[in-house]
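The sequence and the model come first.

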Amino acid sequence: MCTRREFLVGSVFGLTLADALAWGRESRTKSCILVWLNGGPSHLDMFDLKPEAPAEIRGEFRPGKSSLDGVRVCEHLPRLGGLLDRCTLIRSVTSPEGNHDRASHYMLTGYRPTPALVYPSFSSVAAKEFGVGQALPNVIAVPTAPTYAGAGYLTAAFEPFSVNSDPSREFKVKDLESPVPENRLERRRAMLKAVDCFCTSVGEYPARDTFLEQAFGLVTSKEARAAFDLTQEDPKARGRYGPSRVGQGCLLARRLVEAGARFVTVNDDGWDTHDNSWKRLAGTFNQGKQIYAGKLPDLDLAVSALLEDLEARGLLESTLVIVMGEFGRTPKLNAIGGRDHWPRASSVLMAGGGIKRGWVVGETDAYGELPAVRPVGPEDVLRTVYHVLGIDADKEYRTTTGRPVKVLDKGQVIREALA
Amino acid sequence: MIAFLLSITAIAWDGERLYVARPGGIDVYRDGRVVETLGVDKRVVMGLAVRGGRLAECGGRAGEKGEVRIWEGRTLLRSVEAHTDVIYRVAWSTDGKSLFTAGGDKRIGVIDLESGSVDYLEGHTGAVLALAVHGDLLVSGGADRTIRVWKGRSLVRTINNHWDSVHALAFSPDGKYLASGSGDKTVRIWQPEIGRLVRIVRGHDGAVLDLAWTARHVVSASSDGKVRLIAPDDVTIEREVEGAGDWVNALCPAGDRLFSGDASGRLRELP
Amino acid sequence: MGQVKRALFLVLLGVGAAPQEERVGLDFPNDVLPHLTRLGCNAGSCHGSATGQKGFKLSLLGYDAAWDYAAITRELRGRRVDLAEPEKSLLLRKPSRQLPHTGGKVMTEDSDAYRTIVEWLRQGAPFRSGKPVGLARITAEPGKVTAHYTDGSTRDVTRLALMTSNDDAIADPDGTVKAPGETSIMVRYGGQVAAIVAGRPFGPRVEVTARNNLIDDFLNDKLSRYGLAPADACDDATFVRRATLDALGTIPTPDELRRFNGHRDRLVDALLARPEFMDHWSSLWSQVLQAKSEVYQAWIRDGFRQPYDRTVRSLLSREKHLYLTIGDPKQLAEFVGQSLLGARWMCAQCHNHPFERFTQVNYYEMASFFARVRVREGRVELEQRGELELHGKPVLPPFGESRDRREDLARWVTDNDSFARATVNRVWKILMGRGLVEPVDDMRASNPATHPELLDALARDFRNHYSIPQLIGTIMKSAAYARKCGKGDAFYATRIAKPLDGEVLIRAVSRATRGTLPADKVLAGETLARTLHLMNSPAIDVLLVPDTVENLYLRTLSRLPTEAERAFWTGTDEEYLKDLFWALLNSKEFGTNH
């Protein structure tokens, strides 16, 4: 039975950033930014060029300068090529899943998909482990979460918060401000608590409680809301990231991490280059309403700006940056000037907190078809990520039917990638 | 007494005698009769190759080691251990001074018959399953789906075109062309030195396990139980010979005749 | 060579030799393969995976004995078996760890599996040996598994079957029950599956009296046996709200609440006769039938009171809506499986179904019914020829002679047992919060219903009329439907509360405020974005109007405030009441169907 006094006392403003940092974890890496290249980025046209291969394999791009010996970076990624000495590049990731959904599930959860269960992505596991501690939602997706980047059996409370707006155009995250002044918001909050307290017909509802707490946190924290406001960024700095969606998405990710968000996914579409590869990747390609003006130059600007910006602000040490997609693409060009799905070999780029600077893990064979040295699977990549984030990958969760499932049931940390 | 026939893995012909390899020994046929059996000490024999009066056999023990033996008549001339897995094929060099071996350990062995030393050629990323020699060219095929062309110790070319393991290779009699047979159920014909694909033969219902190139045909043996005679120019299948339904592992042209052996141990002369 | 000599030569060579003699010894499917399944060799995480392991691929859980036999004895010229020296075979040395084996030590040398395989190799590793091989089905009861062959013979295969528990918190694979509750033990042998129910009551048997129709008979029987006393029936206000939400997809108005006279069955009938019922349910059903275009949705709505089998036959063989939505024959096959028969065939696109006997060939055969359908300029046309190909060979439909193959398929689909069961299961889930089989599109032998007899009875009844509205009425009139909310479980002792769907939420808010809440995709699904929208959106704020406390409760929560609530809400100024309105709209009671 609720009394009036309980409500007047019960209101809480969002915790400050300091409180969040004091949450207590072992690792010094506090946040993670995943740049998700949706569709399957072509490893042979990005970080694993094979200029000596026959023309129908090597494609039209040539290698450019690279600050890492032995790594042939595409000429259209010059800035990233120069920054490789601060990253670890894993070239020998391999998986058998060649379907977008299945492959995404595997790369994002570390489990092969089964009809029995949808597993939580590593962003949702991070959300669960990091807990709710401060004003910003812990896990955010820009503009929307990729398929299988969700909470799976961990329930709705750990779904990423999708900003649902394109950061490169008129970006606005809706509903972050209350239409009523603070004192009325407080009263509303107290009233809501009372109404819920009186309710006897609906039982416990943890997902909703989490959302409410997060929502109030956002609404009452100007700093948190400011993080979502790209107009508050210096226009020159904003321009450094490039006007593309991935560019502004990375900028938003930096702002969010700076304001205390723990996991931001920048979801970049358009990498499924079955046809017109060269135009889509480095030229200009019109597809109905979408114009792809060079995925590679856009990515180059975006991620290089992100890494340099994080470093300049002293955030790179505590932020893990991952650039990857669900699979690579066929070394052999198809009949329509593109590459098809190829999960047997792909690359993953990592930088930041806990990751070794200037290191390459593995290599593929002469045509980039299979790993020739040090093959690793998605579960190995994720185990490494969990290790860096200070999350115990052997921890067991329970699904809604009570079944025990480990965060990861396989995989080994890629020790060479650790700083 | 063995109440069942052991699978035939290889057949060879030296002009007079037909050698048929089975686990447990190599049966030597002359005028239609088995005149002796070589190597009855239970061993695995995977491949045979004849040169002059000598027979090379290869085998070993899967997962452990490979072994090559050379016979002359019923005398065992030599025995060499090589590789860390079974040897699938053996081939004589053109000058008869070395033997090439295709190893399950992904390597090709080059055995100098005088000294007995073994060098290895590395490059395949899967078991080496097929070999063919012509002049100074050595061609290998493997479970990594590639065909590799070697001159001396150097890899001259890698052909990556088949969708499944390459099980068999055969040069045309004039050495200008090379046929490859694969688990992708095709036979492909190449100009090996330049790596150019000139023909693809479809129409097999199973993996192509062995090949022979006679004066007029490319002959294929398949896991669908059939032997096919293919006209190389227009890649039509001129004749399909039904088997007993089991995998046909080995083919051997013998003069104007052709023999095949399958996994149920049946040796057939093809009409 | 002379003719005679030649003939002799051929005979000695074994040309035309008789097949291996039939021996009643060990064979592959009955004696060897079950061990491989039991030991996990052909599990999806090992050699049974889509690409095998280390170049050795077996069929998943041993559903394809012929393939496995060839892989073990024929591949790579037989490297895996040594018939001359059986114990030297890779097949034995690796799993017993005499040679390195990433899969670990799976069998010891003195185990049944090892000794059986050695003896089988000594007998020449035959595929058959005179024992019956055609397995028709297996039957399982606690402690005994029997194989039934097509020749009528049976065999006790208890030692050889693979058992797994669907919930090992409740029961171990051998059937030992550890905790109260119910689960199934999956029994696999020879590529077939059977289920044994394993459970323990929560308490002593209870008497369950609340009964309205056949549904309650089945549910109550199980509750009674498991010692679970069901919750009481909910009060009238809750029932009216619940029934209105389920039937019409919106909340009742205060007027409708006042007019309710206590006759719940009559209320259900009245709700089902309203046009809003058609709107709401045809909208729900549009999702099932993947109807995105307005024309398609309108067609579904118009035919919603028609017998559903007729609707489906029309959809498959006469109407164009489906074909304008899905063009690819394989996707059409997946639609038939998933949306109409509750079966996920899509896995079979790349490899054979991991759980059931539905092969890649079956998948293509289903798709072949659509092979000749073409859509041109908004019209559906049939080609005269053309087939789908699998591995370079054309695939033909497995049955049917009509010129338009889809007619054969349509008849087969609606005659199929699974059609009624899948439809009943979907409707059940929408109304009861949980399917009798979960997930609803994954009905198979290895995923049994919680109440198989109930599902069968409802399906049998459904087949008499194929009326979805009638089925809805039957379920809504059961005592189980009217229970109070609680944690919810597979026994239906309490009702499961669910958050409102996006569209329903919008209608409910609009009705409560007597305004119009604009649609917003952010309201779909239970997310932080929805919570923020409800909390802060000016679109909601503008709809808030002051009203008496009693009216606010009636408008939003569809009930009168309790004494305690009345005493609590003492403010009377406009802003106070608007804020209360806001709080009610954001409350969990409003946002759930309970």
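This is a predicted model: local features need pLDDT of at least 70, side-chain atom pairs count only at pLDDT 80 or more; totals for chains, interfaces and linings use all residues.

**Entry 1: H8 of chain A**

I looked up the ends of H8(A).

I then asked how many of its residues are buried. The count is 11 of the 14, so H8(A) is largely enclosed by the rest of the structure. Among the buried residues I listed A:Ala207, A:Arg208, A:Thr210, A:Phe211 and A:Leu212. A:Gln214 is buried too, and the run from A:Ala215 through A:Phe216, A:Gly217 and A:Leu218 to A:Val219 is likewise buried.

Which helices cover these residues? From chain A, the cover includes H7 (182-198) and H9 (222-227). Chain C contributes H22 (528-536), H26 (574-586) and H27 (588-591).

**Entry 2: H3 of chain C**

The buried residues are C:Ala65, C:Asp68, C:Tyr69, C:Ala70, C:Ala71, C:Ile72 and C:Thr73. I found that they pack against four helices of chain C: H2 (28-38), H4 (75-78), H5 (90-93) and H6 (112-122).

**Entry 3: H11 and H18 of chain C**

I examined how helix H11 (residues 275-288) meets helix H18 (residues 417-432), both of chain C. Their axes come within 12 Å and cross at roughly 125 degrees; H11(C) and H18(C) are therefore oblique to each other. The crossing is right-handed.

From H11(C), the contact is made by C:Trp281, C:Leu284, C:Trp285 and C:Val288. H18(C) supplies C:Thr423, C:Arg426, C:Val427, C:Ile430 and C:Leu431. I recorded seven nonpolar residues in this contact, with one polar and one charged.

**Entry 4: H15 and H18 of chain C**

How do the axes of helix H15 (residues 329-341) of chain C and H18(C) cross? They come within 8 Å and cross at roughly 60 degrees, which makes H15(C) oblique to H18(C).

The contact joins C:Gln338, C:Ser339, C:Leu340 and C:Leu341 of H15(C) to C:Ser418, C:Phe419, C:Ala422 and C:Arg426 of H18(C). By class, I recorded four nonpolar, three polar and one charged. I note that C:Arg426 takes part in the contact with H11(C) and also in the contact with H15(C).

Key
Residues are numbered from 1 along each chain as its sequence is written. Chains are lettered from A and ligands numbered from 1 in the order in which they are written. Side-chain values use heavy atoms; hydrogens and water are left out. Buried means under 20% relative accessible area, exposed over 50%, partly exposed in between (1.4 Å probe, protein chains only). Helices (H or I, at least four residues) and strands (E, at least two) are DSSP runs, numbered from the N terminus. Contact means heavy atoms within 4.5 Å. Axes are lines fitted to C-alpha atoms, for helices over the stretch in contact, and angles run from 0 to 180 degrees between N-to-C directions. Angles under 35 degrees count as roughly parallel, over 145 as roughly antiparallel, 65 to 115 as roughly perpendicular and the rest as oblique. A crossing is left-handed if the near helix is turned anticlockwise from the far one by less than a right angle, and right-handed if clockwise. Ala, Val, Leu, Ile, Met, Phe, Trp, Tyr, Cys and Pro count as nonpolar, Asp, Glu, Lys and Arg as charged, and the others, Gly among them, as polar.
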